Amino acid sequence: MHRACAAIVMLLLPRSALAHAGAHGAHDIWRTWTLEPWVLLGLGLAAMLYAAGWRRLRARSRSLRGSRRPALFVMAMATLVAALVSPIDALGELLFSGHMVQHLLLTMVAAPLIVMADAGTVMLWAFPVR
């Protein structure tokens with residue numbers, strides 16, 4: 001009888017699910033920034049391509065002067081930094097729920113902002129027409 005009660009109590013008690021083995025400790029998780037060089041390089045390259053493409057595209061079209069696309073792209077980049085570089089990334093290594101927050105930020109926030117900013121088209125304008 002005692003074993004059955006103990007098993008039921010163990011099933012009902014919430015436990016943290018680890019997203020990855022060997023994760024950080026929880027004591028300093030909010031001060032941990034993941035400065036992975038390849039992630040930073042990719043984000044920086046995307047920002048540079050977008051800025052160069054936007055300058056060239058805006059010079060050719062006056063109708064884009066009041067466009068919100070650059071602001072949408074900045075919000076998308078900020079979301080990507082939050083998901084991939086900030087302590088949310090370290091939390092994603094520690095907790096499954098933090099890992100899922102990363103997925104939500106990437107799929108439900110950053111991806112639509114990138115589409116609304118028309119990032120692919122604007123980045124193509126960074127390259128020579130030839």
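The model is a predicted one, in which local features need pLDDT of at least 70 and side-chain atom pairs count only at pLDDT 80 or more, while totals for chains, interfaces and linings use all residues. Residues are numbered from 1 along each chain as its sequence is written, and side-chain values use heavy atoms, with hydrogens and water left out.

The secondary structure of the chain comes to six helices and zero strands, where helices (H or I, at least four residues) and strands (E, at least two) are DSSP runs numbered from the N terminus. Read along the sequence, this gives the pattern α-α-α-α-α-α. Of the 130 residues in the chain, 27% are buried, and buried here means under 20% relative accessible area, with exposed meaning over 50% and partly exposed in between, for a 1.4 Å probe and protein chains only. Among contacts between residues at least 6 apart in sequence, 78% join residues at least 24 apart, a contact being a case of heavy atoms within 4.5 Å.

Two packed helices are described by the angle between their axes and the distance between the axes. The axes are lines fitted to C-alpha atoms, for helices over the stretch in contact, and the angles run from 0 to 180 degrees between N-to-C directions. Angles under 35 degrees count as roughly parallel, over 145 as roughly antiparallel, 65 to 115 as roughly perpendicular and the rest as oblique.

For helix 4 (residues 87-94) and helix 5 (residues 96-116), the axes come within 5 Å and cross at roughly 135 degrees, and the two helices are therefore oblique to each other. On the side of helix 4 the contact is made by Ile-88, Asp-89, Leu-91, Gly-92 and Leu-94, and on the side of helix 5 by Phe-96, Gly-98, His-99, Val-101, Gln-102 and Leu-105. By class, this contact has six nonpolar, four polar and one charged residues, with Ala, Val, Leu, Ile, Met, Phe, Trp, Tyr, Cys and Pro counted as nonpolar, Asp, Glu, Lys and Arg as charged, and the others, Gly among them, as polar. Helix 4 is mostly covered, since six of its eight residues are buried, namely Pro-87, Asp-89, Ala-90, Leu-91, Gly-92 and Leu-94. What covers these buried residues includes helix 3 (69-84) and helix 5.

Helix 3 also meets helix 5 directly, and their axes come within 8 Å and cross at roughly 160 degrees, so that the two are roughly antiparallel to each other. This crossing, too, is left-handed.

On another side of the description stands helix 2 (residues 37-60), whose axis comes within 11 Å of that of helix 3 and crosses it at roughly 180 degrees, which makes helix 2 roughly antiparallel to helix 3. The contact involves, among others, Val-39, Leu-43 and Trp-54 of helix 2 and Arg-69, Phe-73 and Leu-84 of helix 3, and its residues divide into 12 nonpolar, no polar and one charged. Val-39, which lies in helix 2, counts as partly exposed at 25% relative accessibility. Leaving aside residues up to four places away in sequence, Val-39 touches Leu-84 and Val-85, and the C-alpha atoms of Val-39 and Val-85, 46 residues apart along the chain, are separated by 7.9 Å.

A search of the whole structure finds one salt bridge, meaning a side-chain nitrogen of Lys or Arg within 4 Å of a carboxyl oxygen of Asp or Glu. In this pair the side chains of Arg-69 and Asp-118 meet at 3.4 Å, N to O. Arg-69 lies in helix 3 and Asp-118 in the loop between helix 5 and helix 6 (119-124), so the pair ties together parts that are 49 residues apart in sequence. Arg-69 counts as partly exposed at 22% relative accessibility, and Asp-118 counts as partly exposed at 28%. Most residues other than glycine have a negative phi, yet phi of Asp-118 is near 55 degrees, a positive value in a residue other than glycine.

Conventions
Left-handed = near helix turned anticlockwise from the far one by under 90°.
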